[in-house]
Amino acid sequence: MQDPLLPPLAAIATGILASRFVSFETRELFIVVTAIAILSAIALWRRACVLAGACCLLGFVFAGALVDLAHRPAPRPELDAEGRDPVILSGCVVQPPALSGDRERFVVELDPGARVQVTAYAREGQAPPALRYGQRVEFEARVRRPRNFGNPGSFDYARYLARRNIYWTASMNTGAAVAMLPGQCGSRFQAAIVGLRVMALDRLAELYQGKPYETGMMQAIMIGETYQVQRVWTEQFRNTGTYHAIVISGTHTAVLALFLMLVLRLCFVRREAALFVTAALLWLYALVTGWGSPCVRCAAGFTLFAAASYFSRQRRTLNILAAVAIAFLVLDPEQMFEASFQLTFLAVGFIGAFATPLLQRTAYPRVRALADLPDTGRDLHLAPVAAQFRVEMRLLAETLRPWTKLPERASCLAIAIPARVLLFAFQLAVVSAIVQIGLALPMVVYFHRIGFSGVSANAIVVPLMCTVIPVGFIAIFTGWAWVAKAATLLLAASHVAVNWHVHMEPNWRIPDPPLWLGIAIGAGLILAALAARAGRFWFTGATAALVVLLALLLWHPFPPEIAPRELEMTVVDVGQGDSILLTFPDGKLMLVDGGGIPAFGHHAPSQMDIGEDVVSS
């Protein structure tokens, strides 16, 4: 089997999912897993390979359920300080302040594993308190538990914070002081990591002083600090499906790995050593950027890639992807239900299952054929299609030589370089199109949107933003203003491309599809992946069926779920204010008000859009 880790991954994921619907006991699962392991060993001893494989997969299913049961969260800590009256809190600063307008946010650990996220407001002209990691502080604030909006499909904000050990939010009065207590807290290792993060953020703030847009966007792209990013700056990226290009993602980490490998190789470091040095630096980058899941997953994948290269093993994308997914599910099975985890692995999975085989038959051989065109000896070692393409490119260069008066090698380069650019654009378009098609269903389920212009927008924005990463790191390490200016120009060019594409994007919402359609699309993608290896006829048929299902998803010719000939009133939870959905007996719908978050005094308005984030979902 080419990808032997895919079945164990599917089995473990099945067990984790089953544990959410079936009540298991830890002791029972441990006994079952042990019994299946013994049965598998007996089957191997008897050389009953089929029975041993089936037992192993069944064991992985129960092992997945056991892992999920072992990681169930502990009871939430209690704090007898919630209410309208302010209370005095003291603890250790574990996340230094992030400033946005007149407010700053930092995280304080009250007790081990019990943290509070604090928002402080500064008076006009007043400097915020200079806090750093490991300081013991005391302050007065109003405390409350994070609140979710009680609507179907709403984002579980309380769970999101709890996974980071944050169980309360606190708000300080305007101009309130933070008292510094004697002593230090926290770990030295974490203090060093946070120190690197603060140094990078300060350097970017210094390079782009007086430019809030450039400062906020570069801090988000390079270090993952999004607190200063205004929603209006990123809305067009969201609408065109290019938002992933301005946040820390696997793509950023992969580009950084390529840049580090290039620098190390230019410094005459051996390839094997460069791979492992790059892997170590990627783990450091994951720590500095806040240990975000996409960055950690990419670092883990690159480490497996480096290990496979060192031991001269074949590097298969889907197998590496499955190994990383198994490791993350074993360490934290809760990630399986997060949109970030699903979208990341689905995107890479679709690239490995569809884009890579397609490009191996089309673009990759032609790219290799463009190397050293004047050398006719290379033609004999290429596949027939690649050799023919190479001869055609050489003939084209010879045809242009009388017109350009260039030497043979220069004329070949004049043909090869544009051809490489066109083939690179083709590869980007293929990968972007396959990812857009593959992620259509989860994008509708989670965000009720699909970026129709995403194929061409990503083909332009992704290369620009990928170039920003190495340029930005050069600016951080050197402090050169002209390098920072180059990063600004790349950022501006990507914004222009997004603005142009956003006018072609239809501004609508796609409702949740029926269950049968979601299952059919998922089955269609699996069948298309299997049919790609079976032959062109089967792949064409599976692709046609998938296109029909995706057309139904986008067209959504399904009536809303309302009671016929009855008057319905649904009150939408918007926190403060009203939002009422009326369904009339004749089937017409009316939304009365859409909620909102008012801004009192001189405080900056909230970055949350109630209509987009609450009512629409």
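These are my notebook entries on what I looked up in this predicted model.

**Ground rules**

I number residues from 1 along each chain as its sequence is written, and my side-chain values use heavy atoms, with hydrogens and water left out. Since the model is predicted, I take local features at a pLDDT of at least 70 and count side-chain atom pairs only at pLDDT 80 or more, while totals for chains, interfaces and linings use all residues.

**Overall build**

I began with the secondary structure, which comes to 21 helices and nine strands; here helices (H or I, at least four residues) and strands (E, at least two) are DSSP runs, numbered from the N terminus. The radius of gyration is 28 Å, close to the 25 Å that the globule rule gives for 617 residues, so the protein is as compact as a globular protein of that length. That radius is taken over C-alpha atoms, and the globule rule is 2.2 Å times the number of residues to the power 0.38. Along the principal axes, the C-alpha atoms fill a box of roughly 85 × 65 × 60 Å.

I then looked up burial, and 39% of the 617 residues count as buried, where buried means under 20% relative accessible area, exposed means over 50%, and partly exposed lies in between (1.4 Å probe, protein chains only). For contacts (heavy atoms within 4.5 Å), I noted that, of those with a separation of 6 or more, 66% are between residues 24 or more positions apart.

The protein exposes about 34,200 Å², and carbon and sulfur atoms supply 65% of it; the areas come from the Shrake-Rupley method with a 1.4 Å probe, and for residues only the protein chains shown count as cover. I also looked up the charges and found 50 positive and 43 negative side chains, with the centres of the two sets 11 Å apart. Lys and Arg count as positive and Asp and Glu as negative, while His and the chain ends are not counted, and the place of a charge is taken as NZ of Lys, CZ of Arg, CG of Asp or CD of Glu.

**The disulfide and other cysteines**

I found one disulfide in the structure, the term being used for a pair of cysteine sulfur atoms within 2.5 Å. The partners are C92 and C185, with their sulfur atoms 2.1 Å apart, and the link is right-handed, with 95° about the S-S bond. C92 lies in strand β1 (residues 87-100) and C185 in the loop between β6 (179-184) and α5 (188-207), so the pair ties together parts that are 93 residues apart in sequence. C92 counts as buried at 9% relative accessibility. I looked up two further cysteines and noted that C412 is buried at 3%, whereas C267 is exposed at 53%.

**Positive phi angles**

F268 has a phi of about 65° although it is not a glycine; F268 sits in the loop between α8 (250-266) and α9 (271-288) and counts as exposed at 78% relative accessibility. H556, also not a glycine, has a positive phi of about 40°; H556 is placed in the loop between α20 (536-555) and β7 (568-571) and is partly exposed at 28%.

I looked up P86 in the loop between α3 (49-70) and β1, where P86 is partly exposed at 31%. Leaving aside residues up to four places away in sequence, P86 touches E140, A141 and R142, and the C-alpha atoms of P86 and E140, 54 residues apart along the chain, are separated by 6.1 Å.

D102 is in the loop between β1 and β2 (103-111) and is buried, with a relative accessible area of 18%. I noted 43 Å between the C-alpha atoms of D102 and R20, which are 82 residues apart along the chain.

P112 is found in the loop between β2 and β3 (114-121) and is exposed at 79%. The C-alpha atoms of P112 and C92, 20 residues apart along the chain, are separated by 9.8 Å.
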